[in-house]
Structures are given as structure tokens and as C-alpha cells.
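Reader: Could you walk me through this model? I have a few quick questions.
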Amino acid sequence: MKHLLSAADLTREDAITVLDTASQLAAATAQGVGKLPPLRGRTVVNLFYEDSTRTRTSFEAAAKRLSADVINFSAKGSSVSKGESLKDTALTLEAMGADAVVIRHHSSGAPHQLANSGWISGGVVNAGDGTHEHPTQALLDAYTLRRHLRDNTGDLAGVKVAIVGDVLHSRVARSNAILLQTLGASVRLVGPPTLLPFGVETWGCEVSYDLDSSLDDVDAVMMLRVQRERMNAAYFPSAHEYSNRYGLNSVRAARMPDHAIVMHPGPMNRGMEITADVADSPRSVIVEQVSNGVSVRMAVLYLLLGGTEGTA
Amino acid sequence: MTHDFEPATRDTRVVLDSDDISRALTRLAHEVVERTHGATNLTLMGIPTRGADLAVRLAAKIEQIQGQPVPVGALDVTMYRDDLRLRPARALQPTTIPADGIEGRLVVLVDDVLFSGRTIRSALDALSEHGRPQAVQLAVLVDRGHRELPIRADYVGKNLPTSKSESVQVQLVERDGIDQVTIEQA
């Protein structure tokens with residue numbers, strides 16, 4: 001594989017390889033090996049058209065721990081704010097010798113365009129495009145689920161995951177729905193009808209409008225951020241009404257089985273989709289998701305760039 | 001060095017059988033005990049996959065001789081190889097460091113086949129990430145010659161003259177269901 005554009009690019013075996021590689025890399029980090037050598041002399045460009053702290057720093061840390069050189073290129077304060085097109089930016093990066101471009105873009109499909117246009121010869125990793133996909137987030141969620149529920153080996157057969165909230169605007173939900181099912185898990189999407197996308201019945205997931213009845217048989221609940229910045233219409237009456245019906249509070253968390261974990265891709269709106277006491281409770285793995293993110297992104301960069309070009 | 005299992009053909013011959021391997025490991029164990037003056041400061045680090053299996057066996061044999069358990073770990077060298085760019089990205093193997101670490105210890109690296117010496121060079125780099133051993137030595141089941149680097153083994157189970165076009169395959173019960181070493185003509 002040369003690019004990682006969509007969770008659908010990954011077969012079950014590919015996904016397990018990424019997760020296994022991530023767990024070996026996490027073990028190396030735990031053993032105190034701060035820097036590993038496989039990407040020495042390779043250049044990774046973080047091309048971020050959208051604000052992001054956790055994903056960009058996560059990719060940056062991952063690339064640096066593998067000894068790659070990292071160039072951070074954010075749209076703000078660059079030639080993009082002077083009106084440069086994606087194509088011209090890409091040609092510039094190519095001229096600088098980028099071996100891989102990690103791209104986040106507000107337009108769905110921008111990473112695909114970059115990978116298939118011939119503008120650049122290196123690999124492309126989708127770090128979130130519009131409301132389309134965010135495959136490395138799905139991989140780190142799968143890694144987190146596997147660590148807690150499947151002893152960090154094999155796939156996720158039989159695991160039940162509820163993905164709750166703003167599915168419509170969520171690239172995290174889309175990538176997770178694909179990847180978790182590839183790994184054998186079953187996914188239930190829960191949210192108000194206005195925040196479930198058109199055609200959701202073709203995703204292969206169970207769909208529910210009621211959170212209270214969706215919690216007692218799950219192994220994990222993944223709460224989604226309400227993406228107000230992408231909302232151009234009234235999707236629900238009020239924030240209060242939303243958190244009443246779809247927020248995860250301690251009363252609802254108590255309905256979950258004892259072993260079930262609470263996840264959130266961040267950034268959280270505390271008090272909106274999740275209350276502070278649940279976010280900080282022992283069953284919350286939200287902080288661990290962040291550190292798993294670095295290991296999983298190291299695995300993706302190693303598998304894309306660690307061998308001969310384009311054959312991994 | 002390859003480990004791909006091939007059914008025995010006319011061009012494959014067995015050079016070590018199960019008893020030969022066991023005797024070679026017993027002799028290696030005695031040599032290690034002798035040369036390390038009782039193996040008191042010894043740590044064995046096997047190189048996955050089969051070197052790690054051999055390290056576990058060797059540790060058990062040394063324990064039988066000395067009556068003291070020997071710390072044994074595994075050291076994956078994949079990310080330290082000099083030929084990473086020549087092949088697709090390879091799967092990583094586990095690295096396990098014994099509880100007392102390797103700092104100040106006498107580390108004996110254990111591998112199945114010594115060939116070009118490049119794996120051992122990678123292992124020396126990988127090892128240095130985990131500490132500074134007092135000394136590092138090398139034990140191999142088979143030395144087949146054709147070194148490309150100034151590296152030699154301190155303990156050799158069997159010297160096996162080969163031509164470069166031949167491939168040597170070590171099979172172990174732990175992974176392959178059988179203990180044997182074969183040479184296959186390419």
C-alpha cells in the first residue's frame with residue numbers, strides 16, 4: 001500500500017498488521033527507546049488546512065520517533081492564505097522532496113485528489129477530510145478497543161460498539177463504521193434523525209434514535225463531538241435538549257455493562273455530548289486514545305515508508 | 001537466510017537432525033558456562049524468530065548445568081537493518097528485555113544462522129538502545145560462512161560450508177513442528 005486515504009483501503013489482514021505493528025512500537029516506547037531509526041532520511045510533510053492540535057502533534061511525534069524529518073505546513077500563515085491552490089502547494093512540496101504528505105483538508109476528497117493527480121510522487125495519508133474520513137483515528141480506536149477487550153491480539157469479532165451523536169458531520173464515525181466492521185465488530189449508530197446521514201442504512205450498521213435503550217449490551221460507547229462549526233442549519237432545538245437526549249451522563253453510563261469502556265475522539269464539549277464525571281471516570285479511555293494515536297500513526301508511517309516505495 | 005518451509009525435495013538434504021541440534025545446544029551451553037566463568041552475569045538475547053526460541057532452550061540447558069536461572073530476552077532488529085529500503089516494510093517482532101535489563105551484563109546474542117553478519121550488526125545497534133552491556137558475545141546454531149562484515153561468532157553449533165546460492169533452513173519444534181536444519185540447492 002502506498003497511501004492511506006480511507007478505512008476501506010484496509011483489508012482485515014492489513015488492519016491487523018497495522019495494529020500488531022503499533023503494539024510492537026508502543027512496547028519499544030515503553031521500554032524507553034525514545035527514537036527508532038527506520039525513517040532516517042525521509043521527509044514527512046504535515047499539510048494542515050484545518051485547525052488541529054492533537055492529530056497534527058500526534059503525526060509529528062510519530063514521524064519524529066521514527067527519525068523522519070518533519071515539515072509542518074499549515075494553511076494559516078502560509079502561501080495558502082494568499083490564495084495558492086492545492087495543486088501549487090503540492091508541486092512545491094514535491095520539489096522539496098516530500099516522501100509522504102499527511103493532509104487534513106476541509107474538503108472531502110482532497111487527499112484522494114492529491115494522491116491520484118500525479119502532483120506528488122510520495123505517499124499520502126488522510127488525516128481527516130471534510131465530513132468524509134479519518135482513517136488513522138479509526139485505527140487508533142480499533143487499537144484501543146482491541147487492547148481493552150481482546151487482549152491486544154487478533155481482530156474485534158463479536159465486539160459491540162455504539163457510536164453516538166453527530167454522525168452526519170463525523171469523519172470519525174464514517175471511518176470507524178467501516179474499519180470496525182472490517183475487523184468483525186458490530187456497530188450501532190445512535191443519534192437524532194437530523195444528525196444521521198442520508199443513506200446510513202447502506203453502512204451495514206444498526207441505527208437507533210434512542211440512547212437509553214442502546215447501552216445495556218455494548219462493549220464500548222464512542223461519543224462524537226457536536227460539530228457546530230459545520231452546522232449551517234438547526235439540527236436540534238437546543239444544546240440543553242441535545243445533552244438531555246444524547247449526552248452521556250453518569251446515569252446513562254451506569255446502564256452500560258461493567259467492562260464497557262467510554263471513548264471520545266476529542267476535542268470534547270464537556271457538558272454537551274459527555275459530562276465531566278463520565279469523561280474522567282475509570283472506564284473512560286479518552287486520554288489513552290491520544291497516546292495510542294501516536295503508536296498507530298508510527299505504525300502507518302512505518303508500513304508506508306519503511307520499505308521499498310509503494311510495495312508495503 | 002530464509003525460513004520458508006518447503007517440502008523436502010531431491011535438492012534438499014538434512015544436515016542436522018533433532019538429536020544433532022540437541023547435542024550442539026548442550027555443547028554450546030557448556031562452552032558459554034566455561035567462557036563466562038559460571039554464567040553469573042549472563043543475559044541471553046535471542047533474535048526473533050528462531051534465534052529467540054534457541055535462546056530459551058540454551059538458557060534452560062545452562063540452568064541445568066549451573067542450577068541458576070539465566071535471564072533471557074528477545075531482540076527484534078528489523079528497524080535497524082541496512083536493507084529496509086530493498087524490500088517491502090517488514091512485520092515487527094517482539095522485543096523483550098529481562099527485568100534486570102542489560103546494563104553491565106554479559107550479553108550473549110543468539111541466532112539460528114550466521115551468514116552475511118548484517119543481522120548481527122543491526123542487533124548491536126538495537127542492543128545499544130537498551131543499555132551498555134559489559135560485553136557482547138554471539139552464539140549461533142549454524143555458521144554458513146560468506147561474511148560481508150567483520151563479525152564472527154564466539155560459540156558455533158556447527159560450521160556448515162555452503163555455496164552462496166544454497167539456502168540454509170532451520171526448523172524448530174516451537175514453530176515448525178520439527179527440529180532440523182536443511183540445505184537446499186537454489
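Predicted model: local features only at pLDDT ≥ 70, side-chain atom pairs only at ≥ 80, totals over all residues.

Reader: OK. How is chain A divided?
Author: Into domain 1 (7-133 + 291-305) and domain 2 (135-286); the bounds come from an automatic or database domain assignment. Their C-alpha centres lie 25 Å apart.

Reader: And how many residues of each domain are in contact?
Author: 24 residues of domain 1 of chain A are in contact with 22 residues of domain 2 of chain A. Contact here means that the C-beta atoms of two residues, placed from the backbone, lie within 7 Å.

Reader: Which element gives the most on the domain 1 side?
Author: α1(A), with seven residues. The elements giving two or more residues to that side are α1 (12-30), β4 (123-129) and α10 of chain A. Helices (H or I, at least four residues) and strands (E, at least two) are DSSP runs, numbered from the N terminus. That side of domain 1 divides into eleven nonpolar, eight polar and five charged residues. Ala, Val, Leu, Ile, Met, Phe, Trp, Tyr, Cys and Pro count as nonpolar, Asp, Glu, Lys and Arg as charged, and the others, Gly among them, as polar.

Reader: Switching to helices: at what angle do α5 and α10 of chain A cross?
Author: Roughly 115°, and the axes of α5 (residues 135-149) and α10 (residues 286-305) come within 8 Å. Axes are lines fitted to C-alpha atoms, for helices over the stretch in contact, with angles from 0 to 180 degrees between N-to-C directions. Residues making the contact include A:Leu139 and A:Tyr143 of α5(A), and A:Val296 and A:Arg297 of α10(A).

Reader: Different topic. Is B:Val77 buried or exposed?
Author: Buried, because 23 other C-beta atoms lie within 10 Å; the cut-off is 20 or more for buried, 12 or fewer for exposed, and partly exposed in between. B:Val77 is found in the loop between β3 (72-74) and β4 (106-114) of chain B.

Reader: What does B:Val77 contact, leaving aside neighbours within four places in sequence?
Author: B:Ile47, B:Thr119, B:Ser122, B:Ala123 and B:Ala126.

Reader: Last one: how many residues does each chain give to the contact between chains?
Author: Chain B gives 16 residues and chain A gives 17 residues. The chain B side divides into ten nonpolar, two polar and four charged.

Technical notes
Residues numbered from 1 in each chain as written. Chains lettered and ligands numbered in written order.
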